[in-house]
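Trainee: Hi! Could you walk me through this one while I look at it?
Mentor: Happy to, let's open it up.

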Amino acid sequence: MTTDRNSKRPQTRLGRPPKDLAGDVKSRILDAAQRVFLKRGYQSASVDEIAETAPASKPTIYAHFDGKEALFEAVIARVITGLTNFEGYEPRGRTATDKLTSVGTELVERFLEDTVGVTRVTIAEADRFPALSRHVHEAGRDRAASAVSHILNNAANPLQRGPKGPFSTKRSLATAQIFMDLILLPMLMRALMGEDAKHLRKEVPGFVRERVNFFLAACETDWGQ
């Protein structure tokens, strides 16, 4: 008795999986959306181009996001999350000055690398989406300050002098915001105005250390009040 060997198991199709099933679809869509928004701006970007760039079908995109505005908001949220994730980060150096310089340098380099383009697009759409623009600013500032506050407290631990100082529980978040405003904002503004990122990065170490020295001197004065 003979048996058809092909009847023993079902035939399977080999090759690439459908494009909507390959890899992390949502991440691919967000990657594509970010590239398209940076290239076209919000108004000129289209879901069709995002779908082609991903690649993913439009029904798949709409299964994850309500539309272009939701995609834009998700891209911004993901960028902020990436910038404010300091899990496992340890500042380098032995002194408080060295450690705070390490923290400041990390902050500036992250923002110069990842946010300049997204920030420009958000500013361009501020009139159209004022709530989103305000949310980006507040969420980015608040989440970064929360993450940086913990690092600053550890880096400046030898300098802490009592329950009312700049690194006390009640004031540490405000201190972190001041630290970021002092160190990050000038470099970010210069980048937004079109200065070459490569040139700016050369200035970062000296610029940050100078600002850290000023910051620590201000903290010392405050402690004496």
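Mentor: Let's start with Ile50, which is buried, with a relative accessible area of 0%. Keep in mind as we go that this is a predicted model.

Trainee: Okay, and where is the place of Ile50?
Mentor: Ile50 is in helix α2, which covers residues 47-53.

Trainee: What does Ile50 touch, not counting residues up to four places away in sequence?
Mentor: Ile50 touches Ile29, Ala32, Ala33, Val36, Phe37, Ile61 and Leu71. Take Ile29 from that list: Ile50 and Ile29 are 21 residues apart in sequence, and their C-alpha atoms are 7.1 Å apart in space.

Trainee: Why does 15° make the pair of Phe37 and Tyr42 stacked?
Mentor: Because planes under 30 degrees apart count as stacked, and the planes of Phe37 and Tyr42 are at 15°.

Trainee: Which residues do ring pairs link into a cluster?
Mentor: Phe37, Tyr42 and Phe72 are linked into a cluster by ring pairs.

Trainee: Nice. What about the pair of Phe179 and Phe215?
Mentor: Phe179 and Phe215 form an edge-to-face pair, 5.0 Å centre to centre with 70° between the planes. Phe179 lies in helix α8 and Phe215 in helix α9 (residues 197-223), so the pair ties together parts that are 36 residues apart in sequence.

Trainee: Are Phe179 and Phe215 buried or exposed?
Mentor: Phe179 is buried, at 0% relative accessible area. Phe215 also counts as buried, with 3% relative accessibility.

Trainee: Let's switch to helices. How do α5 and α8 pack?
Mentor: Helix α5 (residues 96-114) and helix α8 (residues 172-192) pack at an angle of about 35°, and their axes are 10 Å apart. Their crossing is right-handed.

Trainee: Which residues in α5 and α8 meet?
Mentor: From α5 there are Leu100, Val103, Gly104, Leu107, Val108, Phe111 and Leu112, and they meet Phe179, Met180, Ile183, Leu184, Met187, Leu188 and Ala191 in α8. By class, that contact has 13 nonpolar residues, 1 polar and no charged ones.

Trainee: And what's the angle between α1 and α6?
Mentor: Helix α1 (residues 25-40) and helix α6 (residues 116-124) pack at about 65°, with 9 Å between their axes. The crossing of α1 and α6 is left-handed. Gln34, Phe37 and Leu38 in α1 meet Gly117, Val118 and Val121 in α6. The contact of α1 with α6 has 4 nonpolar residues, 2 polar and no charged ones.

Trainee: Now prolines! Where is Pro186?
Mentor: Pro186 lies in helix α8. Pro186 is partly exposed, with a relative accessible area of 25%. Leaving aside neighbours within four places in sequence, Pro186 is in contact with Asp181, Phe207 and Arg211.

Trainee: And is the peptide bond from Ala54 to Pro55 cis or trans?
Mentor: The bond from Ala54 to Pro55 is cis, with omega near -15°. You'll find Pro55 in the loop between α2 and α3.

Trainee: Last one: how many helices and strands does the protein chain have?
Mentor: The chain has 9 helices and 0 strands. Buried residues make up 42% of its 225 residues. Of the contacts with a separation of 6 or more, 72% come from residues 24 or more positions apart.

Note on methods:
Residues are numbered from 1 along each chain as its sequence is written. This is a predicted model: local features need pLDDT of at least 70, side-chain atom pairs count only at pLDDT 80 or more; totals for chains, interfaces and linings use all residues. Side-chain values use heavy atoms; hydrogens and water are left out. Axes are lines fitted to C-alpha atoms, for helices over the stretch in contact, and angles run from 0 to 180 degrees between N-to-C directions. Helices (H or I, at least four residues) and strands (E, at least two) are DSSP runs, numbered from the N terminus. A crossing is left-handed if the near helix is turned anticlockwise from the far one by less than a right angle, and right-handed if clockwise. Contact means heavy atoms within 4.5 Å. Ala, Val, Leu, Ile, Met, Phe, Trp, Tyr, Cys and Pro count as nonpolar, Asp, Glu, Lys and Arg as charged, and the others, Gly among them, as polar. Rings of Phe, Tyr and Trp (its six-membered ring) pair if their centres lie within 6.5 Å; planes under 30 degrees apart count as stacked, over 60 as edge-to-face and the rest as tilted. Buried means under 20% relative accessible area, exposed over 50%, partly exposed in between (1.4 Å probe, protein chains only).
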